[in-house]
Amino acid sequence: MADMKRTDVTYGQLDKTLRSLGFSCHLLRDEPPVRHYEHDTTTASFRMPAFPMTDGVLDYHLVGVRTSLDLYGIAGPEDFTARLKKSG
């Protein structure tokens, strides 16, 4: 797993940002546990491992979330980045 790169954004910051954009989060007690995010007014949803909120977000999780938010018209890349910075 040496090629998994972490960003300087934490899962806590990502969680706070997604909730500010209208997502709810449910912890699914799968093995391993996952966080399932669902958007209140679209069909957008994400599932990510339930890493500690202080861990840096894996780069491909951040790219996937950013891309989906843009595709669903929830937040463009600049807006998403600005919200992430504010949540820090």
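The structure is a predicted model, with pLDDT of at least 70 needed for local features and 80 or more for side-chain atom pairs, while totals for chains, interfaces and linings use all residues. Residues are numbered from 1 along each chain as its sequence is written, and side-chain values use heavy atoms, leaving out hydrogens and water.

Let's start with helix 1, residues 11-20, where Tyr11, Gln13, Leu14, Asp15, Thr17 and Leu18 are buried. Helices here are DSSP runs of H or I with at least four residues, strands are E runs of at least two, and both are numbered from the N terminus. Buried means under 20% relative accessible area, exposed over 50%, and partly exposed in between (1.4 Å probe, protein chains only). Just after helix 1, glycine 22 has a positive phi of about 100°.

On to the core: the largest nonpolar one (buried Ala, Val, Leu, Ile, Met, Phe, Trp, Tyr and Cys residues joined through side-chain atoms within 4.5 Å) holds 20 residues, and Leu14, Leu18, Phe23, Leu69 and Phe80 have the most contacts inside it. Elements giving two or more residues to this core include helix 1, strand 2 and helix 3. Leaving out residues up to four places away in sequence, leucine 69 touches Leu18, Leu21, Phe23, Phe46, Ile74, Ala75 and Phe80, a contact being heavy atoms within 4.5 Å.

Arginine 35 sits in strand 3 (residues 34-39). A polar atom of the arginine 35 side chain lies 2.9 Å from the backbone oxygen of phenylalanine 51.

Note on methods
A polar contact is a pair of N or O atoms within 3.5 Å; within protein, one must be able to donate a hydrogen and the other to accept it, and residues adjacent in sequence count only if both atoms are side-chain atoms.
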